[in-house]
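Colleague: Please take a close look at one part of this model, the place where the two chains meet, and walk me through what is found there.

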Protein chains: 2
Amino acid sequence: MGLNDLESLRGKVDELNLEILRLINERAEVVQEIGKVKEKQGVNRYDPLRERHMLNLLKDNNNGPVPQSTVDHIFKEIFKTALELQEDDHRKALLV
Amino acid sequence: MGLNDLESLRGKVDELNLEILRLINERAEVVQEIGKVKEKQGVNRYDPLRERHMLNLLKDNNNGPVPQSTVDHIFKEIFKTALELQEDDHRKALLV
């Protein structure tokens with residue numbers, strides 16, 4: 001393996017980064033939709049049981065090499081963002 | 001929109017979670033490959049310029065709704081993991 005392999009592997013990482021970014025944004029959009037549905041139903045936005053369900057599902061499907069503790073950490077960050085975006089939407093809705 | 005829509009949207013989030021998980025693990029595997037190439041070349045594993053390049057590429061391609069500061073945060077976590085896995089491989093290689 002030489003420098004060319006390194007460049008090609010790095011190109012692969014760049015592609016994967018962009019695909020992960022796309023999915024994180026798509027996920028955030030779906031969570032914003034969920035926020036709107038809950039808003040109409042008057043349901044509380046934050047649901048710790050739902051978060052636990054998602055983490056369990058990830059755990060059951062994590063074949064590595066990334067350790068579960070790190071998967072949990074990354075996804076908790078992703079969950080937090082989505083909730084913050086929902087709260088922004090809620091504030092905007094209150095201002096209308 | 002009713003409860004059924006909520007269930008269907010949650011199903012979508014679960015699917016996206018698993019796809020993100022799959023890509024994060026795939027990315028880690030490619031980074032482990034990169035570690036092996038660098039090992040053979042005697043090149044330093046941590047490369048801050050490469051990390052800057054990846055963050056810039058993500059910034060140029062982030063169409064939201066997730067804010068860039070959060071994207072940076074999530075990916076720095078992903079980078080850190082990958083580096084830790086490389087270091088594990090390195091230690092194992094030294095023990096052989």
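This is a predicted model: local features need pLDDT of at least 70, side-chain atom pairs count only at pLDDT 80 or more; totals for chains, interfaces and linings use all residues.

**The contact between the chains**

Modeller: Asn62(A) sits in the loop between H2 and H3 of chain A. Its relative accessibility is 16%, so Asn62(A) counts as buried, the cut-off being under 20%. Setting aside neighbours within four places in sequence, Asn62(A) is in contact with Pro67(A), Gln68(A) and Val71(A), and also with Leu21(B) and Asn25(B) of the other chain.

The loop between H2 and H3 of chain A also holds Pro65(A). The bond that joins Gly64(A) and Pro65(A) is a cis peptide bond, with omega about 10°. In chain B, the peptide bond from Gly64(B) to Pro65(B) is cis as well, and omega is near 10°. Pro65(B) is placed in the loop between H2 and H3 of chain B.

Now the contact as a whole. Chain A puts 53 residues into it, and chain B puts in 53 residues. The two chains bury about 5,100 Å² between them, and 72% of this is on carbon and sulfur atoms. On the side of chain B, the residues that lose the most area to chain A are Arg10(B), Ile20(B) and Pro65(B), which together make up 11% of what that side buries.

The rule finds 19 residue pairs in polar contact across the interface of chain B and chain A, both residues being at pLDDT 80 or more. Helix H1 (3–41), helix H2 (48–60) and helix H3 (68–95) of chain B each give at least two residues to the side that touches chain A. H1(B) provides the largest share of that side, 28 residues. By residue type, the side of chain B that touches chain A divides into 28 nonpolar, 13 polar and twelve charged residues. Six salt bridges are found across the interface of chain B and chain A. One of them pairs Arg10(A) with Asp47(B), where the closest N and O atoms are 3.2 Å apart.

Next, the nonpolar core. The largest one has 48 residues, and those with the most contacts inside it are Ile20, Ile24 and Phe75 of chain A and Ile20, Ile24 and Phe75 of chain B. Two or more residues of this core come from each of H1, H2 and H3 of chain A, and likewise from H1, H2 and H3 of chain B.

Gln86(B) belongs to helix H3 of chain B, and Gln86(B) counts as buried because its relative accessibility is 5%. Apart from neighbours within four places in sequence, Gln86(B) is in contact with Val31(B), Gln32(B), Ile34(B), Gly35(B) and Arg45(B). In chain A, Gly35(A) is part of helix H1. With 7% relative accessibility, Gly35(A) also counts as buried. Gly35(A) and Tyr46(A) are eleven residues apart in sequence, and their C-alpha atoms are 9.5 Å apart in space.

Technical notes: Residues are numbered from 1 along each chain as its sequence is written. Chains are lettered from A and ligands numbered from 1 in the order in which they are written. Side-chain values use heavy atoms; hydrogens and water are left out. Contact means heavy atoms within 4.5 Å. Buried area is the accessible area (1.4 Å probe) that two parts lose on being put together, summed over both. A salt bridge is a side-chain nitrogen of Lys or Arg within 4 Å of a carboxyl oxygen of Asp or Glu. A polar contact is a pair of N or O atoms within 3.5 Å; within protein, one must be able to donate a hydrogen and the other to accept it, and residues adjacent in sequence count only if both atoms are side-chain atoms. Helices (H or I, at least four residues) and strands (E, at least two) are DSSP runs, numbered from the N terminus. Ala, Val, Leu, Ile, Met, Phe, Trp, Tyr, Cys and Pro count as nonpolar, Asp, Glu, Lys and Arg as charged, and the others, Gly among them, as polar. A nonpolar core is a set of buried Ala, Val, Leu, Ile, Met, Phe, Trp, Tyr and Cys residues joined through side-chain atoms within 4.5 Å. Buried means under 20% relative accessible area, exposed over 50%, partly exposed in between (1.4 Å probe, protein chains only).
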